[in-house]
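Hi,

Here is the structure I promised to pass on.

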Amino acid sequence: MQADPNRPQIRPDSTDLWQWSLALYPAIKSIALEWQDQCGVNVNLLLLLLYLQRRQQLLSVDDLQQLQNAVALQQQRFTIPLRQLRRQLPAHLPEQAAIDFKQQLLQAELCSEQLEQQQLIACLQDLPVRQLTAACSMPAMYLQLLQIDPASRLAQIVDLDQAAANVEI
């Protein structure tokens, strides 16, 4: 599956990916969070893969591994701890204080997620992106990388693919 040399590959921009992700996320939120919590999926990598697939671009499994490694440190040091703090707010806080604190933590988490997407795009610049020429599901490839049988989540993969197809690039 080599890229057509007569058709230039336009690399995604981190701002475009972020805006597309914000548009898509409400439609895939429940699946994305389930996969994040149960399978260890990085939602930003999943969003990038859906974005590339929507653009008819393909990466190899080795490329997926490189992308996952590119954001691992940011995810482990910042995104996951912020998410855990937000989810486990102390019960002793007054209700409004808890709401305000949770919102501030969510904003910090979103900033960290946006940095992850920037790191993914930076790493992607060094990877060969090929033109998608056959039916291929990048989310299924990602699950395989994580040693999860994609067949067990086929309906969710189809839902992700359909949701991504409905969001304009």
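Below is what I found, going from the whole chain down to single residues. Keep in mind that this is a predicted model.

**The whole chain**

The protein chain has 6 helices and 2 strands, and along the sequence they come in the order α-α-β-α-α-β-α-α. Its radius of gyration is 17 Å, close to the 15 Å from the globule rule for 169 residues, so the chain is as compact as a globular protein of that length. If you want to picture the box, the C-alpha atoms fill roughly 60 × 30 × 30 Å along the principal axes. Of the 169 residues, 42% are buried. The accessible surface is about 9,300 Å², and carbon and sulfur atoms account for 52% of that. Among contacts with a separation of 6 or more, 81% are between residues 24 or more positions apart.

In soluble globular proteins, nonpolar side chains tend to be buried together. Here, the largest nonpolar core has 42 residues, and Leu 24, Leu 48, Leu 59, Leu 67 and Leu 124 have the most contacts inside it. Two or more residues come from each of α1, α2, α3, α4, α5 and α6 (154-165). Which element gives the largest share of this core? That is α2, with 9 residues.

Leaving out residues up to four places away in sequence, Leu 124 touches Leu 48, Leu 52, Leu 59 and Leu 67, along with Arg 11, Pro 12 and Val 129.

Helix α3 covers residues 61-87, and a straight helix of 27 residues would span 39 Å, but the end C-alpha atoms of α3 span only 32 Å. Where does α3 bend? The bend is at Gln 75, and it is about 60°. Gln 75 is also one of the buried residues of α3, a list that includes Leu 64, Leu 67, Val 71 and Leu 82 but also Asp 63, Arg 83 and Arg 86. The buried residues of α3 pack against α1 (14-39), α2 (43-54), α4 (95-124), β2 (130-131) and α5 (138-145).

For α4, the numbers agree: its 30 residues should span 44 Å at 1.5 Å a residue, and its end C-alpha atoms are 43 Å apart. Its buried residues include Leu 105, Leu 120, Ile 121 and Leu 124, plus Glu 109, Glu 113 and Glu 116. They pack against α1, α2 and α3.

Ser 112 is found in α4 and, at 3% relative accessibility, counts as buried, since the cut-off is under 20%. Beyond its neighbours within four places in sequence, Ser 112 is in contact with Gln 74, Phe 78, Thr 79 and Leu 82.

Ala 32 is in helix α1. Is Ala 32 buried or exposed? It has 0% relative accessibility, so Ala 32 counts as buried. Setting aside residues within four places in sequence, Ala 32 is in contact with Tyr 25, Val 43 and Leu 46. Leu 46 is 14 residues away along the chain, and the two C-alpha atoms are separated by 8.0 Å.

**The loops**

- Ala 91 is in the loop between α3 and α4. At 81% relative accessibility, Ala 91 counts as exposed.
- Gln 56 is in the loop between α2 and β1 (57-58). Its phi is near 65°, a positive value in a residue other than glycine. At 39% relative accessibility, Gln 56 counts as partly exposed.
- Gln 147 lies in the loop between α5 and α6. Gln 147 is not a glycine either, and has a positive phi of about 65°. At 75% relative accessibility, Gln 147 counts as exposed.

Cheers

Terms used: Residues numbered from 1 in each chain as written. Predicted model: local features only at pLDDT ≥ 70, side-chain atom pairs only at ≥ 80, totals over all residues. Heavy atoms only, no water. Helix = DSSP H or I, 4+ residues; strand = E, 2+ residues; numbered from the N terminus. Expected span 1.5 Å × (residues − 1). Bend = angle between axes of the 7 residues up to and from the residue. Buried < 20%, exposed > 50% of the residue type's maximum accessible area, 1.4 Å probe, protein only. Contact = heavy atoms within 4.5 Å. Rg over C-alpha atoms; globule rule 2.2 N^0.38 Å. Areas by Shrake-Rupley, 256 points an atom, 1.4 Å probe, with all protein chains shown as cover. Core = buried A, V, L, I, M, F, W, Y, C linked by side-chain atoms within 4.5 Å.
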